[in-house]
Amino acid sequence: MEVRRPRRVMILVNPHSGRGQALQLFTAHIEGMLTEAAVPYSLIITEHQNHARELVRKADLSQWDALVIMSGDGLLFEVINGLMEREDWQEAIQTPLGILPGGSGNALAASVHHYSQSPPAWNEELLLSCGFMLCKGLVGSLDLVSIHLSSQQRLFSFLSLAWGFVADVDIESEKYRHVGAIRFLMGTLVRLYSLKVYQGKLAYLAVKETPKPQKGTITASHPPSTPQHPSLCSSLPCQLIPTSPNQNHHRNHSTTNSNPITSVITTKGTETQGDAKTKTLVDSLLPGLDQPVPESWTVVKEEDFVLVLAIYQSHLAEDLWTAPGAMADDGFIHLFYVTAGISRPALLRLFLAMEKGSHLACGCPHLVYKKVKALRLEPISPQGVISVDGEMVEYGPVQAQIHPGLARLIYG
């Protein structure tokens, strides 16, 4: 008989995210929910930038069934990159990840809520929805995107890569963080007033669309209310016995009998190289940044852009349904770009339509949408902003490739 020690959920809270109310929101809405559902957890308050990244890089992950973020999307970006920097990254990145919205963007939280096929939700209602999914503990696959910068730095992204208008708004609106999600509307209006055009080169490897089945063809389908990987679904631990808070900003909740998350570890076509200890993830679709793109890639003729956005979740923010057909594990980068010549009113209409996911039906000749597996962006304009998951990164040539199902996400 195997004897297992009680294991728990690590919840990382950034107290400064959004309006600075993440900890209060957790206490008011989530703490009681987890107690009622008998989910054991430890609460860790991050103290500085990259604190979460450093923590998960060194943590004994055998002690944890899941890592949950109570913040904006930036803290999850830290956690994912911390996991991928470990020597045991292949096992570490299989640790289920959860999101509780506590920031101003909350794109992944809005996406996770959308994947559950629930009606749109915002603010506390969205938080309660994500808390409920955490208590249910269903786990599915999550695509990650490997991003290479010109300095040879490599990052892993779960949400987006942006250049131009979207990146400008995201980074410049930081000064309005205290007003919450409305910061993006304020940033959009400011940037529309001083709309810029950026010069650059864009290329991508398009997805080969499979032919639609003819009428009368029987195809398999998945139940609409469950993740599409039932072999990955299981329940979070149960039987909570709270203990007194200890020092160093930790709140520990332990159990005398808990069943850890168990599931089949699967990734879709992950390629690695090296020996057992030093294996690295191979980006087989990407040439070196100093090499031309393969002939199988499409090179965009236009070189004047208002924005380029690669997104791999459905939502870019709580109220921006950017990629209506996207799923957490669809294996696609959803590439949008807007070429120069679009008017300010037309661009504003696109973003207003994006609230309902109807922007692709606007018939805007400047908006292009493609499903891709990899892309390369080479800015020519000497100044600009590139963001990854809402975080500003080094400006310059960048390329990216998707890795389907590399990580695991609590949703459903």
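View A. Arg191 is buried, since its relative accessibility is 6% (buried means under 20% relative accessible area, exposed over 50% and partly exposed in between, with a 1.4 Å probe and protein chains only). In this predicted model, local features need pLDDT of at least 70, side-chain atom pairs count only at pLDDT 80 or more, and totals for chains, interfaces and linings use all residues. Residues are numbered from 1 along each chain as its sequence is written, and side-chain values use heavy atoms, leaving out hydrogens and water. Arg191 forms a salt bridge with Glu172, at 2.5 Å from N to O (a side-chain nitrogen of Lys or Arg within 4 Å of a carboxyl oxygen of Asp or Glu). Glu172 lies in helix 7 and Arg191 in helix 8, so this pair ties together parts 19 residues apart in sequence (helices are DSSP runs of H or I, at least four residues, numbered from the N terminus). Asp168 also makes a salt bridge with Arg191, with 3.9 Å between the closest N and O atoms.

**View B. Arg86 meets Asp88.** These two side chains, Asp88 and Arg86, form a salt bridge of 2.8 Å, N to O. Arg86 is buried at 11% relative accessibility, while Asp88 is partly exposed at 31%.

View C. What is the count of disulfides? The count is zero, a disulfide being a pair of cysteine sulfur atoms within 2.5 Å. The sulfur of Cys364 is 7.6 Å from its closest cysteine sulfur, in Cys362, so the two are too far apart for a bond. Cys364 is buried at 18% relative accessibility, and Cys362 is partly exposed at 42%.

Notes
Helix = DSSP H or I, 4+ residues; strand = E, 2+ residues; numbered from the N terminus.
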